[in-house]
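Here's a quick briefing to read with the model open beside you.

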Amino acid sequence: MSFEGKRVIVTGAGKGIGRVTAEMLIKRGAHVVALTRSAVDVASLRDELGCEAIQVDLADANGTRQAAIAALPADYLVNCAGTTELQSFLETTVEAFDHLHAVNTRAPMIVAQEFARSLIGRGLPGAIVNVSSIAAFIGIPDHASYCASKGGLDGLTRVMARELAPKGIRVNGVHPTVTLTPMAVKAWSDPAKAAPMRYRIPAGRFVEPAEVAEVILFLLSDAAAMVNGISMPIDGGYLIA
Ligand code: NDP
(Lines give C-alpha, C1' and ligand atoms only; values in the text may rest on other atoms or scores of the structure.)
Protein backbone atom coordinates (compact mmCIF):
# COMPACT_ATOMS: atom_id res chain seq x y z
CA MET A 1 0.00 0.00 0.00
CA SER A 2 1.73 3.16 -1.17
CA PHE A 3 0.80 6.64 0.04
CA GLU A 4 3.44 8.30 -2.11
CA GLY A 5 2.54 11.93 -2.78
CA LYS A 6 -0.44 11.90 -0.41
CA ARG A 7 -0.98 14.37 2.44
CA VAL A 8 -2.67 12.88 5.50
CA ILE A 9 -3.99 14.70 8.57
CA VAL A 10 -3.68 12.59 11.73
CA THR A 11 -5.17 13.94 14.95
CA GLY A 12 -3.72 12.68 18.22
CA ALA A 13 -0.50 11.74 16.48
CA GLY A 14 1.54 12.57 19.55
CA LYS A 15 1.17 9.18 21.22
CA GLY A 16 -0.30 5.71 20.93
CA ILE A 17 -2.29 4.62 17.89
CA GLY A 18 -2.04 8.04 16.21
CA ARG A 19 1.74 8.07 16.50
CA VAL A 20 2.13 4.57 15.07
CA THR A 21 -0.32 5.42 12.27
CA ALA A 22 1.71 8.53 11.41
CA GLU A 23 4.95 6.50 11.39
CA MET A 24 3.44 3.83 9.15
CA LEU A 25 2.04 6.41 6.72
CA ILE A 26 5.41 8.15 6.48
CA LYS A 27 7.20 4.84 5.85
CA ARG A 28 4.78 4.27 2.97
CA GLY A 29 5.46 7.63 1.37
CA ALA A 30 2.88 10.01 2.89
CA HIS A 31 3.41 13.53 4.14
CA VAL A 32 1.71 13.64 7.55
CA VAL A 33 0.24 16.74 9.18
CA ALA A 34 -0.22 16.00 12.88
CA LEU A 35 -2.69 17.79 15.14
CA THR A 36 -1.92 17.13 18.77
CA ARG A 37 -1.79 18.79 22.16
CA SER A 38 1.49 18.53 24.02
CA ALA A 39 4.45 20.67 22.98
CA VAL A 40 6.92 17.83 23.62
CA ASP A 41 5.04 15.60 21.19
CA VAL A 42 4.83 18.37 18.59
CA ALA A 43 8.61 18.79 18.75
CA SER A 44 9.31 15.06 18.52
CA LEU A 45 6.87 14.62 15.63
CA ARG A 46 8.76 17.33 13.74
CA ASP A 47 12.28 16.27 14.71
CA GLU A 48 11.97 12.47 14.77
CA LEU A 49 9.29 11.77 12.14
CA GLY A 50 9.57 14.83 9.89
CA CYS A 51 5.85 15.58 10.26
CA GLU A 52 4.26 18.95 9.97
CA ALA A 53 2.83 19.31 13.48
CA ILE A 54 0.22 21.76 14.73
CA GLN A 55 -0.32 22.20 18.45
CA VAL A 56 -4.01 22.39 19.39
CA ASP A 57 -6.33 21.52 22.23
CA LEU A 58 -9.12 19.68 20.43
CA ALA A 59 -11.48 20.48 23.31
CA ASP A 60 -11.48 24.07 22.02
CA ALA A 61 -13.90 24.24 19.06
CA ASN A 62 -12.56 27.46 17.53
CA GLY A 63 -8.94 26.41 17.96
CA THR A 64 -9.78 23.04 16.39
CA ARG A 65 -11.32 24.68 13.33
CA GLN A 66 -8.33 26.98 12.90
CA ALA A 67 -5.92 24.05 13.22
CA ALA A 68 -7.92 21.98 10.73
CA ILE A 69 -7.83 24.82 8.19
CA ALA A 70 -4.09 25.28 8.77
CA ALA A 71 -3.52 21.57 8.08
CA LEU A 72 -5.06 21.73 4.60
CA PRO A 73 -4.87 20.69 1.83
CA ALA A 74 -4.95 16.96 2.44
CA ASP A 75 -6.04 13.76 0.69
CA TYR A 76 -6.89 11.70 3.77
CA LEU A 77 -7.93 12.29 7.37
CA VAL A 78 -7.52 10.06 10.42
CA ASN A 79 -9.53 11.31 13.41
CA CYS A 80 -7.57 9.46 16.08
CA ALA A 81 -7.27 11.79 19.09
CA GLY A 82 -9.30 10.66 22.03
CA THR A 83 -9.39 10.85 25.76
CA THR A 84 -11.05 9.10 28.68
CA GLU A 85 -11.97 9.64 32.29
CA LEU A 86 -12.96 6.81 34.61
CA GLN A 87 -16.15 7.60 36.52
CA SER A 88 -19.05 5.38 37.51
CA PHE A 89 -22.32 6.34 35.86
CA LEU A 90 -23.72 7.71 39.10
CA GLU A 91 -20.63 9.86 39.60
CA THR A 92 -20.22 11.03 36.03
CA THR A 93 -19.78 14.78 36.06
CA VAL A 94 -21.15 17.18 33.48
CA GLU A 95 -17.63 18.59 33.06
CA ALA A 96 -16.13 15.19 32.17
CA PHE A 97 -19.07 14.29 29.94
CA ASP A 98 -18.77 17.57 28.02
CA HIS A 99 -14.97 17.33 27.78
CA LEU A 100 -15.02 13.80 26.37
CA HIS A 101 -17.71 14.72 23.86
CA ALA A 102 -15.73 17.82 22.84
CA VAL A 103 -12.55 15.83 22.14
CA ASN A 104 -13.94 12.44 21.03
CA THR A 105 -17.01 13.52 19.07
CA ARG A 106 -17.16 17.25 18.29
CA ALA A 107 -13.50 17.67 17.24
CA PRO A 108 -13.69 14.86 14.63
CA MET A 109 -16.79 16.56 13.20
CA ILE A 110 -15.08 19.96 12.95
CA VAL A 111 -11.87 18.63 11.42
CA ALA A 112 -13.83 16.47 8.96
CA GLN A 113 -16.02 19.41 7.93
CA GLU A 114 -13.01 21.52 6.96
CA PHE A 115 -11.24 18.57 5.33
CA ALA A 116 -14.32 17.63 3.27
CA ARG A 117 -15.15 21.21 2.28
CA SER A 118 -11.62 21.63 0.96
CA LEU A 119 -11.70 18.39 -1.06
CA ILE A 120 -15.12 19.14 -2.50
CA GLY A 121 -14.02 22.67 -3.37
CA ARG A 122 -11.03 21.26 -5.25
CA GLY A 123 -13.13 18.53 -6.90
CA LEU A 124 -10.96 15.74 -5.46
CA PRO A 125 -11.76 12.38 -3.84
CA GLY A 126 -10.58 11.35 -0.38
CA ALA A 127 -11.19 9.18 2.65
CA ILE A 128 -11.70 9.58 6.38
CA VAL A 129 -11.19 7.05 9.17
CA ASN A 130 -12.71 7.83 12.56
CA VAL A 131 -11.11 5.91 15.42
CA SER A 132 -13.96 4.72 17.59
CA SER A 133 -13.86 1.79 20.03
CA ILE A 134 -15.66 -1.39 20.96
CA ALA A 135 -16.89 0.87 23.77
CA ALA A 136 -19.40 2.17 21.21
CA PHE A 137 -21.01 -1.31 21.09
CA ILE A 138 -20.94 -2.40 24.73
CA GLY A 139 -21.41 -0.90 28.18
CA ILE A 140 -18.11 -0.80 30.06
CA PRO A 141 -18.45 0.07 33.74
CA ASP A 142 -16.89 3.45 34.63
CA HIS A 143 -16.86 4.51 30.98
CA ALA A 144 -20.27 6.20 30.60
CA SER A 145 -18.94 9.41 29.02
CA TYR A 146 -16.47 7.49 26.84
CA CYS A 147 -19.03 4.96 25.58
CA ALA A 148 -21.51 7.75 24.85
CA SER A 149 -18.91 9.86 23.04
CA LYS A 150 -17.83 6.95 20.82
CA GLY A 151 -21.47 6.04 20.09
CA GLY A 152 -21.95 9.65 19.00
CA LEU A 153 -18.88 9.43 16.79
CA ASP A 154 -20.35 6.36 15.09
CA GLY A 155 -23.53 8.28 14.33
CA LEU A 156 -21.41 10.96 12.68
CA THR A 157 -19.49 8.35 10.69
CA ARG A 158 -22.67 6.91 9.22
CA VAL A 159 -24.18 10.30 8.27
CA MET A 160 -20.88 11.48 6.82
CA ALA A 161 -20.58 8.25 4.84
CA ARG A 162 -24.01 8.80 3.30
CA GLU A 163 -23.59 12.50 2.56
CA LEU A 164 -19.96 12.53 1.43
CA ALA A 165 -19.67 9.34 -0.67
CA PRO A 166 -21.62 10.92 -3.57
CA LYS A 167 -18.89 13.60 -3.53
CA GLY A 168 -16.10 11.00 -3.66
CA ILE A 169 -15.19 10.90 0.04
CA ARG A 170 -15.46 7.58 1.89
CA VAL A 171 -15.88 7.53 5.68
CA ASN A 172 -15.34 4.50 7.90
CA GLY A 173 -14.83 3.73 11.58
CA VAL A 174 -12.43 1.38 13.34
CA HIS A 175 -13.26 -0.13 16.73
CA PRO A 176 -10.29 -1.51 18.63
CA THR A 177 -10.56 -3.35 21.90
CA VAL A 178 -7.94 -2.58 24.55
CA THR A 179 -4.83 -1.43 22.69
CA LEU A 180 -1.46 -1.19 24.37
CA THR A 181 -0.96 2.59 24.50
CA PRO A 182 -0.69 5.29 27.19
CA MET A 183 -4.52 5.47 27.26
CA ALA A 184 -4.73 1.76 28.05
CA VAL A 185 -2.37 2.29 30.98
CA LYS A 186 -4.84 4.87 32.31
CA ALA A 187 -7.95 2.76 31.72
CA TRP A 188 -6.83 -0.88 32.03
CA SER A 189 -3.81 -1.16 34.32
CA ASP A 190 -5.90 -2.71 37.11
CA PRO A 191 -5.34 -6.49 36.60
CA ALA A 192 -8.74 -7.25 38.17
CA LYS A 193 -10.36 -5.23 35.37
CA ALA A 194 -8.04 -6.26 32.53
CA ALA A 195 -8.04 -10.04 33.11
CA PRO A 196 -11.77 -10.70 32.45
CA MET A 197 -11.60 -8.44 29.39
CA ARG A 198 -8.61 -10.32 27.99
CA TYR A 199 -10.24 -13.66 28.82
CA ARG A 200 -13.24 -12.76 26.66
CA ILE A 201 -11.04 -12.12 23.61
CA PRO A 202 -10.87 -15.38 21.62
CA ALA A 203 -7.44 -14.36 20.27
CA GLY A 204 -6.31 -14.28 23.92
CA ARG A 205 -4.52 -10.94 23.98
CA PHE A 206 -4.92 -7.19 23.66
CA VAL A 207 -4.18 -5.28 20.45
CA GLU A 208 -0.88 -3.75 19.34
CA PRO A 209 -1.13 -0.17 18.01
CA ALA A 210 0.35 -1.28 14.66
CA GLU A 211 -2.51 -3.75 14.25
CA VAL A 212 -4.94 -0.83 14.38
CA ALA A 213 -2.79 1.34 12.12
CA GLU A 214 -2.70 -1.36 9.39
CA VAL A 215 -6.51 -1.42 9.27
CA ILE A 216 -6.66 2.38 9.19
CA LEU A 217 -4.26 2.47 6.23
CA PHE A 218 -6.29 -0.17 4.40
CA LEU A 219 -9.51 1.79 4.87
CA LEU A 220 -7.86 5.00 3.65
CA SER A 221 -6.39 3.34 0.60
CA ASP A 222 -7.90 2.64 -2.81
CA ALA A 223 -7.81 -1.06 -1.87
CA ALA A 224 -10.97 -0.20 0.08
CA ALA A 225 -12.52 1.80 -2.77
CA MET A 226 -16.02 0.40 -2.20
CA VAL A 227 -15.85 0.22 1.60
CA ASN A 228 -17.95 3.04 3.04
CA GLY A 229 -19.78 3.60 6.33
CA ILE A 230 -18.54 0.48 8.11
CA SER A 231 -17.66 0.03 11.77
CA MET A 232 -14.71 -2.37 11.72
CA PRO A 233 -14.01 -4.15 15.02
CA ILE A 234 -10.33 -4.81 15.73
CA ASP A 235 -10.92 -7.01 18.72
CA GLY A 236 -9.60 -10.54 18.19
CA GLY A 237 -13.22 -11.71 18.11
CA TYR A 238 -14.35 -10.13 21.38
CA LEU A 239 -17.75 -9.13 19.99
CA ILE A 240 -18.69 -12.62 18.81
CA ALA A 241 -17.55 -14.39 21.96
P1 NDP B 1 -3.27 7.90 23.81
O2 NDP B 1 -3.75 8.52 25.07
O3 NDP B 1 -2.14 6.97 23.87
O4 NDP B 1 -2.98 9.03 22.72
C5 NDP B 1 -3.99 9.95 22.44
C6 NDP B 1 -3.44 11.09 21.63
O7 NDP B 1 -4.51 12.05 21.45
C8 NDP B 1 -2.32 11.83 22.35
O9 NDP B 1 -1.37 12.28 21.44
C10 NDP B 1 -3.05 12.99 23.00
O11 NDP B 1 -2.25 14.12 23.25
C12 NDP B 1 -4.08 13.31 21.93
N13 NDP B 1 -5.15 14.09 22.55
C14 NDP B 1 -5.94 13.72 23.58
N15 NDP B 1 -6.71 14.75 23.95
C16 NDP B 1 -6.38 15.79 23.13
C17 NDP B 1 -6.81 17.12 23.01
N18 NDP B 1 -7.73 17.65 23.84
N19 NDP B 1 -6.27 17.91 22.06
C20 NDP B 1 -5.32 17.43 21.24
N21 NDP B 1 -4.86 16.18 21.30
C22 NDP B 1 -5.38 15.37 22.24
O23 NDP B 1 -4.56 7.17 23.20
P24 NDP B 1 -4.65 5.91 22.21
O25 NDP B 1 -3.61 5.95 21.20
O26 NDP B 1 -4.84 4.72 23.04
O27 NDP B 1 -6.08 6.24 21.56
C28 NDP B 1 -6.19 6.72 20.24
C29 NDP B 1 -7.64 6.57 19.84
O30 NDP B 1 -8.01 5.19 19.92
C31 NDP B 1 -8.60 7.33 20.77
O32 NDP B 1 -9.63 7.91 20.03
C33 NDP B 1 -9.13 6.23 21.67
O34 NDP B 1 -10.40 6.55 22.18
C35 NDP B 1 -9.17 5.05 20.71
N36 NDP B 1 -9.14 3.74 21.33
C37 NDP B 1 -8.12 3.40 22.20
C38 NDP B 1 -8.14 2.15 22.80
C39 NDP B 1 -7.08 1.73 23.77
O40 NDP B 1 -7.31 0.73 24.47
N41 NDP B 1 -5.93 2.37 23.83
C42 NDP B 1 -9.21 1.18 22.52
C43 NDP B 1 -10.20 1.65 21.59
C44 NDP B 1 -10.15 2.88 21.02
P45 NDP B 1 -1.80 14.46 24.78
O46 NDP B 1 -1.15 13.24 25.31
O47 NDP B 1 -0.89 15.62 24.61
O48 NDP B 1 -3.07 14.79 25.50
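**Strand β4 and its surroundings**

Ile9 has Leu77 as its bridge partner in β4. This is a predicted model, where local features need pLDDT of at least 70, side-chain atom pairs count only at pLDDT 80 or more, and totals for chains, interfaces and linings use all residues. Residues are numbered from 1 along each chain as its sequence is written, and side-chain values use heavy atoms, with hydrogens and water left out. Helices (H or I, at least four residues) and strands (E, at least two) are DSSP runs, numbered from the N terminus.

**Strand pairing**
- Strand β1 (residues 7-11) pairs with β4 in the parallel sense, over three bridges; two strands pair if DSSP finds at least two bridges between them.
- On β4 and strand β5 (residues 126-131), the pairing is also parallel, over four bridges, and Leu77 sits opposite Ile128 in β5.
- From strand β4 (residues 76-79), Tyr76 and Val78 point one way while Leu77 and Asn79 point the other, and all are buried (under 20% relative accessible area, with exposed over 50% and partly exposed in between; 1.4 Å probe, protein chains only).
- Together, β4, α4 and β5 make a right-handed β-α-β unit: with the strands pointing away from the viewer, the path from the first strand over the helix to the second runs clockwise.

**Helix α3 against helix α4**
- The axes of α3 (residues 61-71) and α4 (residues 94-122) come within 9 Å and cross at roughly 35°; axes are lines fitted to C-alpha atoms, for helices over the stretch in contact, and angles run from 0 to 180 degrees between N-to-C directions.
- On the α3 side, the contact (heavy atoms within 4.5 Å) is made by Ala61, Thr64, Arg65, Ala68 and Ile69.
- On the α4 side, the residues making the contact are Arg106, Ala107, Ile110, Val111, Gln113, Glu114 and Arg117.

**Helix α2**
- Asp41, Val42, Ser44, Leu45 and Leu49 are the buried residues of helix α2 (residues 39-49).
- Their cover includes α1 (16-27), β2 (31-36) and β3 (52-55).

**Val171**
- You'll find Val171 in strand β6 (residues 169-176), and this residue is buried, with a relative accessible area of 0%.
- Leaving out residues up to four places away in sequence, Val171 touches Ile128, Asn130, Thr157, Met160, Ala161, Leu164, Asn228, Gly229 and Ile230.
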